[in-house]
Amino acid sequence: MPNSPPPCRVLFVCLGNICRSPAAEIIFTKLVCDAGRKQDFVVDSAGTIGHHQGSSPDARMSDALKRKGYSIHGNARKIEAEDLENFDLIVTMDESNFSDVKALDKTGIYHSKVHPFVSYCHSHDDPRVPDPYYGEQRGFDHVIALLEDGCGGILKSLGIG
Ligand code: 4NP
């Protein structure tokens, strides 16, 4: 076996896993690839509800991402308790996601892996990544701006970029 460290496993979590967290997965994956560090990461996303399981990212989010040059991938899934064990860093979009994810771990031994996404933002001081689902297109563009800021911050926090 090579002596290289294991990949860093990063999971983004929102409510439905069709708007914010798949966009974060797409943006973070591109940053990691652009930095030449694809082999060092496993990147995934999940939702705290299962209503959209198997669905592709929301068309409005996909269109907004494509306009910025991103390629779209991913199918929605619901987060499971095992994800807290299997991932190294779990990044949540808002306060509800944060408490819902931590509630999956009754022992609390994995709570230190769970972090609010906005804590990694440098250019925005929003209290949360807002849910754009019932809003207008500009809400999706604002979410992407937040996600680009915070995804860069995550990489910096890991000593990359
Ligand atoms: P997301 O957005 O949590 O960013 O994926 C939502 C998607 C679906 C619903 C709510 C928010 N929903 O109520 O179905």
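Helices here are DSSP runs of H or I with at least four residues, numbered from the N terminus, and their axes are lines fitted to C-alpha atoms over the stretch in contact, with angles that run from 0 to 180 degrees between N-to-C directions. The views show a predicted model, in which local features need pLDDT of at least 70 and side-chain atom pairs count only at pLDDT 80 or more, whereas totals for chains, interfaces and linings use all residues. Residues are numbered from 1 along each chain as its sequence is written, and side-chain values use heavy atoms, with hydrogens and water left out.

**View 1. Helix α2 packed with helix α5.** Helix α2, residues 59-67, packs with helix α5, residues 137-157, at an angle of about 55°, and their axes are 9 Å apart. In contact, meaning heavy atoms within 4.5 Å, R60, M61, A64, L65 and R67 of α2 meet Q137, F140, D141, V143 and I144 of α5.

**View 2. Helix α1 packed with helix α5.** Helix α1, residues 20-34, packs with α5 at an angle of about 45°, with the axes 9 Å apart, and α1 and α5 are therefore oblique to each other. On the α1 side, R20, A23, A24, I27, F28, L31 and V32 take part, and they meet V143, I144, L147, E148, C151, G152, I154 and L155 of α5.

**View 3. The surroundings of the ligand.** With a heavy atom within 4 Å as the criterion, the residues around the ligand are C14, L15, G16, N17, I18, C19, R20, H52, D131, Y133 and Y134. A backbone N or O atom of N17 lies 3.2 Å from a ligand oxygen atom, while a polar backbone atom of I18 is 3.0 Å from an oxygen atom of the ligand. For R20, an N or O atom in the side chain is 2.8 Å from an oxygen atom of the ligand.

Notes
Helices (H or I, at least four residues) and strands (E, at least two) are DSSP runs, numbered from the N terminus. A polar contact is a pair of N or O atoms within 3.5 Å; within protein, one must be able to donate a hydrogen and the other to accept it, and residues adjacent in sequence count only if both atoms are side-chain atoms. Angles under 35 degrees count as roughly parallel, over 145 as roughly antiparallel, 65 to 115 as roughly perpendicular and the rest as oblique.
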